[in-house]
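Welcome! Have the sequence and the 3D view ready, and try each task before you read its solution.

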Amino acid sequence: MSITKRFYGRTEEGKDADIYTLSNSNGVVAEITNYGGILVSLLVPDKNGDAADVVLGYGSIEGYCKKGPYFGAIIGRHANRIENAEFEINGETYHVLKNEGENHLHGGLKGFDRVLWKADILQQEKGECLRLAYRSADGEEGYPGNLDVTVTYTLTEDNALFIDYYAVTDKDTVVNLTNHSYFNLSGHAAGDVLRHELMIHADSFTAANKESIPTGEIRKVEGTPLDFTRSTPIGQGINSDYEQIVFANGYDHNWVLNVSGKTAEKAAEVYDPDSGRVMEVYTTKPGIQFYSGNFLDGSEVCKEGAVYTQRAGFCLETQYFPNGTKHKHFPSPILRVGQEYKHTTIYKFLNR
């Protein structure tokens, strides 16, 4: 596995950003920029050996610099939603920025998706990897503590893209990092993903209100359109009158994974019957957010002239549960001084 680097463009602040190309001998190619840690493209061969880019995105850095749907980006400090944009640690209440109504979403107005990361190409036993590093200063977007973060991308010869997250802090804070890639296994411009078949290794999910904020209830998936314990077409229940589907305008929920968290275990699998591509998701996180591209609206021209309409891509974001600081029975996203935040997510590609 090898990595090459080239100039990508300039950020809104006039800083130079680069793009890194990770490739293996099987024709899998990932392009990642150090602006936002964004996975810009991901070429994966289909059952006939023909490669296609399976992640949605923009055609230039200018697209990523504006507020958008977080295509391909690292999300932090806290992925997903924090109710009323506030949380409590050690008896003290912290107020973060409100950027989705009264709530806080995906790290705020300028989260990790819109900052320039320091990039290094490192040599490992199995080849090169890309390590991105960023210091989030005390008070940034309202979060306490100086947080030192690294995110390492590694592409292996068995067509797996590893994302290893690491962070330490000098003051107790909250951390919940994820990647927000939108996938379409038929190709990024191939239309909707409703024929894709999804399986999630979870027997329950965190029920949410109309603002997609978990209420604290952990509800069984059995008998609901959120039951993906067996491989099921995404489109099968997406227009259901089930209240959770109505509230979110489709799927935008956190599943409670049947994993131990000790090692990266299989969380989900997606199969595209048209291309034969299969994507397996492994993680050490306790939850996964399945989002069905409900608010993609075709209003922008994206890479290669593509226009992404509703359901043009899906996200599988590994995470701590949203609103985890409010519900003590949820896994805690609090990172304390002296602790290490260490998590791994793997997207592995096969053909069937």
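Predicted model: local features only at pLDDT ≥ 70, side-chain atom pairs only at ≥ 80, totals over all residues.

Residues are numbered from 1 along each chain as its sequence is written, and side-chain values use heavy atoms, leaving out hydrogens and water.

**Exercise 1. Work out the order of the strands in the open sheet of 5 strands.**

Step 1. Begin with the terms: strands are DSSP runs of E with at least two residues, helices are runs of H or I with at least four, and both are numbered from the N terminus. Two strands pair if DSSP finds at least two bridges between them.

Step 2. The order is β1-β2-β3-β4-β5, with antiparallel pairing.

Step 3. Now look at the edges: β1 (2-10) and β5 (51-53) each have a single partner strand, so one side of each has no neighbour in the sheet.

Step 4. Zoom in on one pair: β2 (residues 16-23) and β3 (residues 29-33) are joined by 5 bridges. Here leucine 22 stands opposite alanine 30 of β3.

**Exercise 2. Decide whether leucine 257 is buried or exposed.**

Step 1. Find leucine 257 in strand β21 (residues 252-257).

Step 2. Buried means under 20% relative accessible area, exposed over 50%, and partly exposed in between (1.4 Å probe, protein chains only).

Step 3. Leucine 257 has 7% relative accessibility, so this residue counts as buried.

Step 4. Check its surroundings, where contact means heavy atoms within 4.5 Å. Beyond neighbours within four places in sequence, leucine 257 touches residues including Ile200, Ala267 and Ile288.

**Exercise 3. Find which residues lie closest to the centre of the largest pocket.**

Step 1. On a 1 Å grid over the protein atoms alone, a pocket is an open set of points with protein on both sides within 12 Å along at least five of seven lines; in a cavity, a 1.4 Å probe fits but cannot get out, and lining residues have an atom within 4 Å of a point.

Step 2. Points are joined across faces, edges and corners, and a volume is the space filled by probe spheres set on them. The largest pocket has about 680 Å³.

Step 3. Among its 32 lining residues, Gly68, Pro69, Tyr182, Tyr291 and Phe295 are the closest to the centre.

**Exercise 4. Describe the largest cavity.**

Step 1. There are 3 cavities of 30 Å³ or more, and the largest holds about 170 Å³.

Step 2. Of its 17 lining residues, those closest to the centre are Tyr64, Lys66, Gly68, Tyr70 and Asp113.
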